[in-house]
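User: I would like to learn how to read side-chain contacts and strand pairing in a model. Could you take me through the features one at a time?

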Amino acid sequence: MKKILLIGLLGIALFGYLDKNAQTTQIVQNVFAADTVATNNDSNSALQNAIDNRQSNVQVAGSGNVIKVLSDDLKGNRHQRFILKIASGTTLLVAHNIDLAPRINSLNVGDIVKFYGVYEFNNKGGVIHWTHHDPRGQHIGGWLKHNGSTYQ
């Protein structure tokens, strides 16, 4: 009788674990789906709100078309620089720290780049930076996505 009770309890525990694991998998899938939607939506509400209200230091996601590839900024921390045009028509300078993250070597005018970083307002549209991990772990890590590769 004790063996049957023990087997029953183990079965219930295993079922609970598997059910919890399934819920965790669903949560991860939902987060991934939300990330995909947010980064595919050029009119991302946080980004557009920051632009419209001239805000800075706002974590945003979005995507745009490369309209100009600029020379790298080599003063201090090195940054790859390029200008994106988002769906609203706003242009954004992307300053991607290439001392902390890989450079996008195959970047060309007309390419689509998805981003997750910090928006800073300026009179020319704004700047996206923090598109990389934080080696100190004190800031939300950002990224760039281009042609199926993620740069962070």
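User: Is Asp 99 buried, partly exposed or exposed, and at what relative accessibility?

Analyst: This is a predicted model, in which local features need pLDDT of at least 70, side-chain atom pairs count only at pLDDT 80 or more, and totals for chains, interfaces and linings use all residues. Residues are numbered from 1 along each chain as its sequence is written, and side-chain values use heavy atoms, with hydrogens and water left out. Buried means under 20% relative accessible area, exposed over 50%, and partly exposed in between (1.4 Å probe, protein chains only). Asp 99, at 38% relative accessibility, is partly exposed.

User: Which residue forms a salt bridge with Asp 99?

Analyst: A salt bridge places a side-chain nitrogen of Lys or Arg within 4 Å of a carboxyl oxygen of Asp or Glu. Here the partner of Asp 99 is Arg 78, with the closest N and O atoms 2.7 Å apart. Asp 99 belongs to the loop between β3 and β4 and Arg 78 to the loop between β1 and β2, so the pair ties together parts 21 residues apart in sequence.

User: How many salt bridges are found in the whole structure?

Analyst: The search finds two; one of them joins Arg 103 and Asp 72 at 2.9 Å, N to O.

User: Which strands does β6 pair with?

Analyst: Strands are DSSP runs (E, at least two residues), numbered from the N terminus, and two strands pair if DSSP finds at least two bridges between them. Three bridges join β6 (residues 143-146) to β4 (residues 112-120), running antiparallel, and three join β6 to β7 (residues 149-151), also antiparallel.

Notes:
Helices (H or I, at least four residues) and strands (E, at least two) are DSSP runs, numbered from the N terminus.
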